[in-house]
Amino acid sequence: MGSVNWHSSTRHNDNNNTNTTEMINNSNTYTSSSSLHSPPIELPVQPGFRPSYLPRESAKHQSLSFVNGYMMVQQQPLQEQNNRSSSQQQQPITTPTIGSITKDVEHSSDVSGRYSFFRKKADRENCNIALPFCPESKLPSFLEHDRRVLLFHAYYEEDVYGATGGTGPIESSRIHNCEVYFYVEDGTMEIIETKQENSGIVQGRYLSRSRVAKPGVSEDGRTTSFYEIDDLKIGSQVVIYSRTFLIASCNESTRDYVLQYHGWDVDDVKTLPLPRDHFAESNKEKMARESGVAGIDRKRKMNDLKQVMESMLGKESSMTDRGMFLECGTDALCFHVLWDDRERLYGDLQYFRLYYYLADDTVEIMRANSKNDGRDTFPKLLKRSKLPKNGQLMDSDCYTWKDLSIGSSISVFGRNMLIARCDKFTRQYYLSKGINQNDDIDLSVPEKNVEIKRVVPPYNGFGTEEDSLRSCTGSLNPPPVFNKMRDKQGVILRFNAKLVSDKPDDADRRFVFQFFMEDDTIAIREPPVKNSGIMGGNFLRRQTMKHVDGSYLAAKDMFVGNIVDIVGHHFLLLSSDEFSYRLMECDDKTFPFSDFTRLHKILTSKQNEIKSYFITAKNYDGNGILDQEGLAKCFKTLGIELNAQELITIWRKMDKKGKDKVPFSKLIKLCQDDALLPS
């Protein structure tokens, strides 16, 4: 009985266990089936939280290998193509390796099997295309797009709540400028926020390099899609972790790539302007004013907070008693003090100005610079501070305005200074206090007039003499007169000249003597003459020349008949051109020998002798015609001493048509007719 009962109880327990197991299996089956058919709950995808229905990331499998020196591209494993959410209900599938591929390829376009030596030999004999150079084969994306990164400029706008108060614009929204990097080789993205100075927000890397899923899930609730290149067109909005980014522009290389390989239009890469952040601009201007940037006109006093902070760092400032400041303001007593230190070695007599500020009883001593004192200028001998009487900084016994009087001495840290003078305001201030200051002490020192004779060294021959003189005199050598260079620019006097020499070879040589009126320079050229044995060209380059006494040749030395000494060569001026004659006749001050007014007075005084000369047959036996040689002979006979330039001036008045012969009656008429004088 006991055994039967025991077996029956055991069988009953087994039935119970079987029923329980069937119920659990049925419940699991119901649960799994209900979970498959129920719609997924859409939850936001935030960093650190991923719903269970999203696929899990797995390691990438190698798809490129080398077999016998050839590249082999393997197919994607089947496990990566199936849904990852149902991976628990399927049998694990192992990834095929190179050693597990045993199938021989049948066609050159087949890249899924093994390329054996037998197949390679057959392809070589039949001239077939061998792997991996078949048209269907290509490099994997991580080799084809290796290190190719696309750069997009984007921004997102963040609302700011509770920003009130202040004198500037209220911050209602904040603009965050970002750089979006898209890695083409694996479709990952990286977002870096551009740093803004003094923004007060955390900036830098916003998103590490990873694939970014689009918001929401697919219709089946299991798979998800990721952002690709075509989703980043200019002007498109990209939602990444609940942040809406607006793509504004891209760089040049990105623009060329998407236009060439992805078929984008020109409108898809058109740059959009970034929005202005008025609050950031005003904040930047404010920080520029507060931080002491050079070139900014602040037009206001120092900030009170800044003054307090400087006081905390050790700057002396009285923040409690402002009574004297309100009463006296910036009024200061000015004294002229004298420091006589000539008893010491290398000591000297120095002058200073002492300013006593009534607002806070501080003293400031500044040096009174004088002309040519030979000392370096420094701003202050004593900065504005309390001046103790015994030279101890911690001593409370300091100088006050009652201790300062003309004729008394004060000690400035061991320097005894004599108070000699004060200004008008200081005297009136002491009179208002009932104190009369003494008369000023004369501080003038008689100057010694030392005559300095400047000796100019002789010209050494290097460069021009003006340059050498300029290095010695500096600004004492005045520059050339600009008016003369402007008025006489391009005015040149030209003369026909010959050499005055005893050498027979120089007798027939002729020269063109040029004088430039704008800078008093001379240039001499010699026309070439065939078979003369003398090469023509420049005889003297354009330069200034001097007389024997050291004075420069001027325009007054240029007249016909004059002998000009040029570096030991004597040039006789024979004639001139029409332009030069007219210029000299119009400027009688510079060229006195061309002054016809002066010559007319000489002829008028000798008109009777000139008439008698032509009447007397022994003096003149001509036929009533007079030439230039006859005119010179007439004046020589009558004792009228005129040079060649003066004779030419008189002859040009008679022979205006240039016939070289005139009746002598014109000379007689010229001597007595005042109508021929220039008006």
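Student: What makes the 6 strands an open sheet, and in which order do they come?

Tutor: The order is β12-β11-β10-β9-β14-β13, with antiparallel pairing. Two strands pair if DSSP finds at least two bridges between them, and the edge strands, β12 (382-385) and β13 (409-412), each pair on one side only. By the way, this is a predicted model, where local features need pLDDT of at least 70, side-chain atom pairs count only at pLDDT 80 or more, and totals for chains, interfaces and linings use all residues. Residues are numbered from 1 along each chain as its sequence is written, and side-chain values use heavy atoms, leaving out hydrogens and water.

Student: How do you know that β9 and β14 pair?

Tutor: DSSP needs at least two bridges, and β9 (residues 332-340) and β14 (residues 415-422) have 4 bridges, so they count as paired. For instance, Phe-335 has Cys-422 in β14 as its bridge partner.

Student: Which helix lies across β9 and β14?

Tutor: That's α9 (residues 424-432), running at about 115° to β9. Such angles run from 0 to 180 degrees between N-to-C directions, using axes fitted to C-alpha atoms, for helices over the stretch in contact (heavy atoms within 4.5 Å).

Student: Why is a set of residues called a nonpolar core?

Tutor: The name means buried (under 20% relative accessible area, 1.4 Å probe, protein chains only) Ala, Val, Leu, Ile, Met, Phe, Trp, Tyr and Cys residues joined through side-chain atoms within 4.5 Å. The largest one here has 26 residues, including Leu-493 and Ile-524. β15 gives the most, with 4 residues.

Student: What does Ile-524 touch?

Tutor: Among its contacts are Phe-513, Phe-539 and Ile-566, not counting residues up to four places away in sequence.

Terms used. Buried < 20%, exposed > 50% of the residue type's maximum accessible area, 1.4 Å probe, protein only. Helix = DSSP H or I, 4+ residues; strand = E, 2+ residues; numbered from the N terminus.
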